[in-house]
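Hi,

Here is the structure I said I would pass on.

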Amino acid sequence: MGQEQINRQGQKHIAGLAATVKQLWDKACEHDEIDPTASFVVRGEDNPYWRFYDIALTQYWEARRQYASGGYVGIRIKGK
């Protein structure tokens with residue numbers, strides 16, 4: 001796998017995480033009856049989506065950090 005292919009795969013992985021974060025944000029806002037474009041959001045305690053949103057957002061920022069520092073993002077090594 002060449003460096004260009006690795007970079008494209010990393011970019012696709014980050015884009016997928018960003019889409020997941022956006023979907024979870026929208027679902028969480030919908031659950032709490034909040035406009036997802038609002039400047040201020042108060043999280044409902046009974047909203048199951050916030051937990052998953054936090055996890056996805058953490059994974060997204062970690063992947064961006066790794067990618068920016070030249071690390072491999074979203075790649076699995078077989079046989080390890």
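This is a predicted model: local features need pLDDT of at least 70, side-chain atom pairs count only at pLDDT 80 or more; totals for chains, interfaces and linings use all residues.

Residues are numbered from 1 along each chain as its sequence is written, and side-chain values use heavy atoms, with hydrogens and water left out.

The chain has two helices and zero strands. Those come from DSSP runs numbered from the N terminus (H or I, at least four residues, for helices; E, at least two, for strands). Helix H1 covers residues 3-31, and its end C-alpha atoms are 42 Å apart, which agrees with the 42 Å that its 29 residues should span at 1.5 Å a residue. That expected span is 1.5 Å times one less than the number of residues. After H1 comes Glu33, with a positive phi near 55°.

In the loop between H1 and H2 you will find Pro48. Its C-alpha atom is 8.7 Å from that of His31, although the two are 17 residues apart along the chain. Pro48 counts as partly exposed because its relative accessibility is 44%; the cut-offs are under 20% relative accessible area for buried, over 50% for exposed and partly exposed in between (1.4 Å probe, protein chains only).

On that scale, 22% of the 80 residues in the chain are buried. The chain exposes about 6,200 Å², with carbon and sulfur atoms supplying 53% of it (areas by the Shrake-Rupley method with a 1.4 Å probe; for residues, only the protein chains shown count as cover).

Now for the inside. The buried residues of H1 include Ile6, Ile14, Val21 and Trp25, and part of their cover comes from helix H2 (49-68). The largest nonpolar core has 13 residues, and the members touching the most others are Val21, Trp25, Cys29, Trp50, Tyr53 and Tyr60. H1 and H2 are the elements that give two or more residues to this core, and H1 gives the most, with seven. By nonpolar core I mean a set of buried Ala, Val, Leu, Ile, Met, Phe, Trp, Tyr and Cys residues joined through side-chain atoms within 4.5 Å.

Beyond its neighbours within four places in sequence, Trp25 is in contact (heavy atoms within 4.5 Å) with Pro36, Val41, Trp50 and Tyr53. Across the chain, 52% of the contacts between residues at least 6 apart in sequence join residues at least 24 apart.

Last, the salt bridges: the count is four, taking a side-chain nitrogen of Lys or Arg within 4 Å of a carboxyl oxygen of Asp or Glu. Here are some of them:

- Glu4 and Arg8 pair at 2.9 Å, N to O. They are four residues apart in helix H1, so about one helical turn separates them. Glu4 is exposed at 60% relative accessible area, whereas Arg8 is partly exposed at 44%.
- Lys22 and Asp26 pair at 2.8 Å, N to O, and they also lie four residues apart in H1. Lys22 is partly exposed at 46%, and Asp26 is partly exposed at 26%.
- Arg65 and Glu62 have their closest N and O atoms 2.4 Å apart. These two sit three residues apart in helix H2, about one helical turn.

Cheers
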